[in-house]
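Subject: A structure for you to look through

Hi there,

Here is the structure I promised to pass on to you. Have a look at it first, and then read my notes below.

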Amino acid sequence: MAIEYLGLDEINGPLVVLDGVQNASFEEIIEITVDNKEKKLGRIVELYNEKAVVQVFEGTENMSLNNTKSRLTGHPMELDLSPEILGRVFNGIGQPLDGLSPIVPEQRVNVNGKPLNPVSREYPRNYIHTGISAIDGLTTLIRGQKLPIFSGNGLPHDQLAAQIVKQASLGDHSDEDFAIVFAAMGVKYDVADFFKRTFEESGAMDHVVMYLNLANDPVVERLITPKVALTAAEYLAFEKGMHILVILTDMTSFAEAMREVSSSKGEIPSRKGYPGYLYSELATIYERAGIVSGKNGSVTQIPILSMPNDDITHPIPDLTGYITEGQIVLERSLHQKAVYPPINVLPSLSRLMKDGIGKGFTREDHQDLANQLFSSYAKVGEARALASVIGEDELSPIDKKYLSFGEAFEKEFICQSVIENRSMMQTLDLGWKLLHILPREELDRIDTKILDQYYPKNEA
Amino acid sequence: MLKKGIIYGINGPVIYLKGNTGFKMSEMVLVGEEKLVGEVIALTKDTTTIQVFEETTGLKPGEEVVATGDAICVTLGPGIISNIFDGIERPLDRIKDSQGAFISRGISVDSLDMEKKWDVTLKVKEGELVEGGTIIATTVETTAIVHKSMVPPNISGTVTFVAPNGEYTLKDTLVIVTDTAGVEHPIGLMQKWPIRVPRPTKNRYPASMPLITGQRILDTLFPIAKGGTASIPGGFGTGKTMTQHQLAKWCDADIIVYIGCGERGNEMTQVLEDFSKLVDPKSGNPLMARTTLIANTSNMPVAAREASIYTGITLAEYYRDMGYHVAIMADSTSRWAEALRELSGRLEEMPAEEGFPAYLASRLSKFYERAGYMENLNHTKGSVSIIGAVSPQGGDFSEPVTQNTKRFVRCFWALDKALAYARHFPAINWLTSYSEYLTDLAPWYRENVGENFITCRNQILALLNEESKLNEIVKLIGSDVLPDDQKLVLEISKVIRLGFVQQNAYHPSDTYVPLEKQLKMMQIILYLYTKCKELISYNLPISTLREQGIFEKITSIKYDVPNDQLQLLDGYLEQIDEFYTTVKNQYI
């Protein structure tokens, strides 16, 4: 029979210290009973001989040095899994929130996951059609990719993520199994509710799993939420052969939680007070996207993070960008011009795009067209800067053309409505239509043969 | 008797043992029941500190730690090339065979295949005197590489036994060397070497040969020497990895060691897939036949990430000792520096700039100094070139890793966000990049490519510099007010930027460009410039020159002239002459 330890040695924020424990192991889960009724879970984060430092997931409210009984569970954090999790809502550590009974586990899996052997990975090649021109055309999402949305407070990242989910995974063309794993970390109640309603309205709720840690839920729980969600995603993808889209929002709260706990552990801070292992910790989350060769399923991640003060060089978006395979960057000035989705395409990027588009996937002109749109739109910026100095009237005719191309590009290509679902061909043709605003000689990123086909000389 | 200790404390990848264990610094240890691999990193009278190369979840105080007596070593022998290893040289494909798709802990697999039989030809005779580095046997390792087994550096003496030619495994003894003290040293195909110690060489040569990469902006504007060091700093999305891939594919080294240090798993998969399919244009062999990969992706244990850089360079030095030119791509050294920072933080060391430990600079210098063009112990010549990517935080080059790297490398290929946003690749900024090798390599270029190669190169760079100055003015007042000769500089620079500096990695004839074509392209562009300048001096406006379409034609040379039909290039000079006479006759 397991030994119960009475009382605690120290309580400091979300951390408690337990002395005299026998046979504890690193990262083991401890069950703490407070006042003989409330049960809390904690994880050992440091271990010195018989002294264990424990992170309490549910927070340390009501705990005193005397009113607890602690019991070692003998295993690291595990999650109960079975196909029944689809359609359910759980808290950040996988306990039911929807008032239904706990699920009967088919498997119990360590949430920490193991690194996927690069040799066992399959390089992602199938694109996911989202119906959003800025994404399909210029930063194509690939199945098995991790493509974060870099946003700011007050920008419509939630609507964008919801639209991607609605139009991408729930398309009617596919007979393959799709499911969504939604993890909320420290988001407002309204946000979680918005996603829940969206899923319900689109009739998708029966293949959505939600793990919710809201803004007022304990901070420590937040640290484990993405891992719990990804464990469920991996189970559904690689055991059940489903294609999983994981939405993680908001990664900034996750990193903030890490900083909070790290500082109460008395660790040495590195950049902006975040712990030195921020990169490794983010990587263990993001790298859990992918495809395992020989298995049917896939895990695609769309993490959302709000850039503090819209600063893309802040450690959180910065480190994320170094791990993920591209990023979709939302821009406040576009949002103010009422462009939805306000995607600034220049810093946006999809690293896996090049192998998932073109002949046999989308259309042979896709890559060249995308390069040209990027390049021309970059020149729009230069022309606008010049116009702000010397005035629009003084611009050369070609710079004026760039200005009108820029306007049209933002208003027609990037901008679309929340329910508009454009086909890939529509997106590409729209791109060509806009390029016709510019003279043919300006299109220097396109192979002559393709140019001849889509922008013949006589039209110029 | 093996020394042992008992685990006292655990903090992430760092564990503490109580008391004086008698372990040595940098010694390899096996931790706990699962025998996780670790390394001793600090010793005091009361505590031994160990970093563990695997996940420490589930370890318990009271478990045993056993010393192995050796420093962290790599196994050197045939079978390294075409293989993929993790940060401490464990073969990933065999881990997959034994563990499945995910990597678990405490895996005990041999680094190299011990059962495989290699067809060995012996190169020494009984009675011969040998010393460290002497080649005793050769075997064909891959279609591209002949593996030369050598006497380990610290052994010398007389050969007292030689096995006949035939098939041997790594475990077999091929030669016995008896030293002056009468001790017999059996030598086989395999040897071990500690990763943190550079392999000894006889002599260091100055840089004299370029590492030809087939990338115009590198070969022409900022060349790197064989045995040289370069760094590629750039924020995310600026194409560090892409540039590294291009170099690994096309540079003219004999062997490539590609270190994926704390980077993405999918990228390593891509290298594996691509390199197995692609063919080396010079030898016709698959690229994988000259490549070895070290993959310690960002989610694999952090201590092994720190070690992966050293593992890679030790493998490279081993092949250099055989007389090969080896190039290392380290992607990315910032992740390695961050691993140092992470471990330093766990050890509660006093942080220096940005939380990095104060010894960051000395560790970086030790690593980059292992590059060089060397005379080996066996008098062959070989080189190790290091090309390290740097991922500066926020793309800001003033951060410690970029700044300290800059002190120890001689080539600086700065990637630029603005170029990358405009999808100008390679996004190497020609104004901030530099190469200190240019003067060292100038004689080689003059002798092997063309007398005026360096002159052309300087003119091209001067034009680009001029353009950036003019652009400052254009930004303020627009380009219309510039005089025509300055407009011409802008026009020609555009040809240089789009037609020469920018290179398309996905276009079959543009992904790799031979030096001959690079020179001819420069000459054509400069010839066009001279001719246009003459026309402008007759007071012709630039717009009339533009109408002829000659600029577009020259810009697309890179696509229109395949690498195997370089004679087509000569036609362009005639076309420029034609353009010159047409315009002249028409307007003057």
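This is a predicted model: local features need pLDDT of at least 70, side-chain atom pairs count only at pLDDT 80 or more; totals for chains, interfaces and linings use all residues.

Let me start with helix 3 of chain B, which is mostly covered: 10 of its 11 residues are buried. Buried here means under 20% relative accessible area, while exposed means over 50% and partly exposed is in between (1.4 Å probe, protein chains only). Among the buried residues of this helix are B:Lys240, B:His245, B:Leu247 and B:Trp250. Helices (H or I, at least four residues) and strands (E, at least two) are DSSP runs, numbered from the N terminus.

Residues are numbered from 1 along each chain as its sequence is written, chains are lettered from A and ligands numbered from 1 in the order in which they are written, and side-chain values use heavy atoms, with hydrogens and water left out.

Where the two chains meet

How many residues of chain B are in contact with chain A? There are 78, and they touch 73 residues of chain A; contact means heavy atoms within 4.5 Å. The two chains bury about 6,400 Å² between them, and carbon and sulfur atoms give 55% of that. Buried area is the accessible area (1.4 Å probe) that two parts lose on being put together, summed over both. Of the area that chain B buries against chain A, B:Phe236, B:Asn266 and B:Arg423 supply 13%, more than any other three residues.

The rule finds one salt bridge across this interface, and B:Glu273 forms a salt bridge with A:Arg125, their closest N and O atoms being 3.0 Å apart. A salt bridge is a side-chain nitrogen of Lys or Arg within 4 Å of a carboxyl oxygen of Asp or Glu. Between the chains, 29 residue pairs (both at pLDDT 80 or more) are in polar contact. That term stands for a pair of N or O atoms within 3.5 Å; within protein, one must be able to donate a hydrogen and the other to accept it, and residues adjacent in sequence count only if both atoms are side-chain atoms.

Several elements of chain B each supply at least two residues to the side that touches chain A, including strand 1 (4–11), helix 3 (240–250) and helix 4 (265–277). Helix 4 of chain B gives the largest share, eight residues.

Why does B:Glu338 count as buried? Because its relative accessible area is 5%. Leaving aside neighbours within four places in sequence, B:Glu338 is in contact with A:Tyr279, A:Leu319 and B:Phe356.

Strands and how they pair

Strands of a sheet pair through backbone hydrogen bonds, either parallel or antiparallel. Two strands pair if DSSP finds at least two bridges between them. Strand 5 (residues 38–48) of chain A and strand 1 of chain B run antiparallel and are joined by two bridges, with A:Leu47 opposite B:Ile10.

Within chain B, look at strand 11 (residues 135–140), where five of the six residues are buried. Three bridges join strand 11 to the antiparallel strand 9 (residues 118–122), and B:Thr121 stands opposite B:Thr138 there. Strand 11 also pairs with strand 12 (residues 146–150) in the antiparallel sense, over five bridges, and B:Lys148 in strand 12 is the bridge partner of B:Thr138. Strands 11 and 12 of chain B form a hairpin with five residues between them.

Chain A has an open sheet of eight strands in the order 9-15-14-16-17-13-18-19, with mixed pairing. Its edge strands are strand 9 (89–91) and strand 19 (349–350), each pairing on one side only. Strand 14 (residues 178–187) and strand 16 (residues 243–249) of chain A run parallel and are joined by seven bridges.

Most residues other than glycine have a negative phi, and most peptide bonds are trans. The peptide bond from A:Tyr340 to A:Pro341 is cis, with omega near -10°, and so is the one from A:Thr249 to A:Asp250, with omega near 10°. B:Glu89 has a positive phi near 60°, and this residue lies in the loop between strand 8 (84–85) and helix 1 of chain B.

Enjoy exploring!
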